[in-house]
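Please examine the sequence and the model shown below.

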Amino acid sequence: MSTIEQKSIDVATQEILRKAEAENIKTAWDRLEAQEPQCGFGQLGVCCTVCAMGPCRIDPFGEGAQVGVCGANADTIAARNLVRKIAVGASAHSDHGRDVAHTLSLLADSHTHGKSGSHSHNYEILDIVKFKSLAQEFGIDTQKPKEQILTELSKKLLEEFGKQEGTLTFIKRAPKKRQKIWKDLNITPRGIDREIVELLHTTHMGVDNDYKNLIATGMRCALSDGWGGSMTATDLQDVILGSPVPVRSKVNLGVLKENYVNIVVHGHEPVLSEMAVKAAEDPELVKLAKKFGAEGINLAGICCTANEVLMRHGIPVAGNFLQQELAIITGAVELMMVDVQCIMPALHEIATCFHTKLVTTSSKARFPGVVHIEFDTNNAYEIAKQIIRAGIENYPNRKKEKATIPVEKMDLVAGFTKEIIFQILGGRHRATYKPLNEAIISGRLRGLAGVVGCNNPKQTHDYYHTALVKELIKNDVLVLQTGCSAIACAKQGLLIPEAAKKYAGKGLQEICEAVGIPPVLHLGSCVDNSRILTAASYIIEEGGLGEDLSDIPAAGCAPEWMSEKAITIGFYFVASGVYTVFGSNPFATLGSKNLTDYLTKGLEEVVGARFEFCDDPMQMAKLMIAHIDKKRQDLKLKPMVYHA
Ligand code: BF8
């Protein structure tokens, strides 16, 4: 049994875990212990439940059965299991993207037919520059009236999902050389839905039995997420909800407030939470909160919804993935509203131990016994108000003597989009990537790293993210972050400009101090990993750092990953040419040596990048830095010293 200190390095988390222990409330860490030892066949990826002749399993010791009833071997079984996860991850991100595209078409509709009548959605085009540049990318004449552009653009974006001819439009954002690699391998994504469907088809009993071909189809599907579904979600959210700009806020459970109605937004799709932000400021609701004895309404976020409302409004972050249960266990949350993805089923039972109202809002994600207030974009603001009101009315039920709000809350700066980063770094050459490229070329910066992804109770919570990132910035690697990883590092004080002086190497420190940025840049939620792809493409376009994404001195890492979406992200990074390290668990492929070797070695020959699996943050940093140094060497750039 692990100690609380082994469970998390985060002091606020430790405090609430102690409270949970004292009150005999089980959390993810306890449920993990109850599951141990976890199924060995599952961990090795050699259990097949694809058809009803099974379930079959391959004996990992080579003594028992080596093929399933149909004849599938460990390579086929492990590869099929893996690529099915890619399909799920891609569908989660892409379905999110589709919903945002539908919101745009709703806007088109109300602009054409007027806002009265059935529409009370309160959405608008908030980034007109991005709106027009997107329209241009889709070949729409931007001289046309806004209404017409809106109608045409929303139609074209929605068509990307079901596209039957040609390839995805955003693919053109990638460097020419990368586009050619995809074309030659026949992995250029065509339609977003099509790639998911085709991938699932190939995993049906008796279809694709070639693990390398399954991985190729998997990569095409992952690319349709990174350069399709996720990119659509990111860009359209910026258009409709506004592109983020750097913003200061606070992070950790200490952002919950003692005398306020605490409402937590959790999940992924910001279209509703955006309205919750507005509703929490509604004078009528603030007045109501006061009537119920509170000083006001305090909105806070968990997981990627948190990142979305943080980036656009500076709403404080209560925590990352493993803190969702803990937020409720503080006893100080009146209402938690959730939409889709990464919402633990356990929340319901935990909420019943407290006064917290859990509210589901998506028809795609219902929890038995939980209050459901369905979100409808047509009536978004009214629904958001209804939910906030339910939270306010629950305030008198808080047992103040039993509520424990940790004091920990850390400052952070977020809101660094690909456009903003380079405007800021641009200095004299505003809005160009030149200074960034020059910094890498001159060796003031060693390179770039994307550190992203989840928490996993199998690893000490937040430790892997923060230890890795500290090591990277110490070695002059500028770190770009998204998702729960960004929240982890923010809690440890790495996302403030002052962190440069404390933790960064000399070159990175100079750059950060000159322009007043942290050494670790928060780029948003998990769909916003697409911002990293576009930024990397701009770097190539600027010149001096090679011709392909695989030439850039850069590496990716998901140190505490757990979700299928993380696998998909990993695959679109690797298929785009980015060397990517995953922490702890390999993708349950160890039961197939061929497949594991292919992912960690063979893919390099195919797409110019590969996976690495590693369970030590210091070692992860070493691997990433060694890769960055190798790329510097290939580009004949100045060698750098490694600071251990
Ligand atoms: O999409 S990092 S735990 S919250 S999967 Fe989930 Fe992982 Fe967090 Fe956001 Ni991303």
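Which residues surround the ligand? In this predicted model, the surrounding residues are His268, Cys303, Cys304, Phe321, Cys342, Gly453, Cys454, Cys484, Cys526, Met562, Ser563 and Lys565. For His268, an N or O atom of the side chain is 2.7 Å from an oxygen atom of the ligand. For Lys565, the corresponding distance from a side-chain N or O atom to an oxygen atom of the ligand is 2.9 Å.

The chain as a whole is divided into four parts: domain 1 covers residues 39–71, domain 2 covers 74–241, domain 3 covers 253–402 and domain 4 covers 416–634.

Attention may now turn to the pair formed by domain 1 and domain 4. Their centres, taken over C-alpha atoms, are separated by 36 Å. Contact between them involves five residues of domain 1 and four residues of domain 4. About 310 Å² is buried between the two domains, with carbon and sulfur atoms giving 59% of that area. On the side of domain 1, Gln43, Leu44 and Val46 lose the most area to domain 4, together accounting for 81% of what that side buries.

What kinds of polar interaction cross this interface? The rule finds one residue pair in polar contact between domain 1 and domain 4, and zero salt bridges. By class, the side of domain 1 that touches domain 4 comprises two nonpolar, three polar and no charged residues.

How values were computed: Residues are numbered from 1 along each chain as its sequence is written. This is a predicted model: local features need pLDDT of at least 70, side-chain atom pairs count only at pLDDT 80 or more; totals for chains, interfaces and linings use all residues. Side-chain values use heavy atoms; hydrogens and water are left out. Domain bounds come from an automatic or database domain assignment. Contact means heavy atoms within 4.5 Å. Buried area is the accessible area (1.4 Å probe) that two parts lose on being put together, summed over both. A salt bridge is a side-chain nitrogen of Lys or Arg within 4 Å of a carboxyl oxygen of Asp or Glu. A polar contact is a pair of N or O atoms within 3.5 Å; within protein, one must be able to donate a hydrogen and the other to accept it, and residues adjacent in sequence count only if both atoms are side-chain atoms. Ala, Val, Leu, Ile, Met, Phe, Trp, Tyr, Cys and Pro count as nonpolar, Asp, Glu, Lys and Arg as charged, and the others, Gly among them, as polar. A residue is near a molecule or strand if one of its heavy atoms lies within 4 Å of it.
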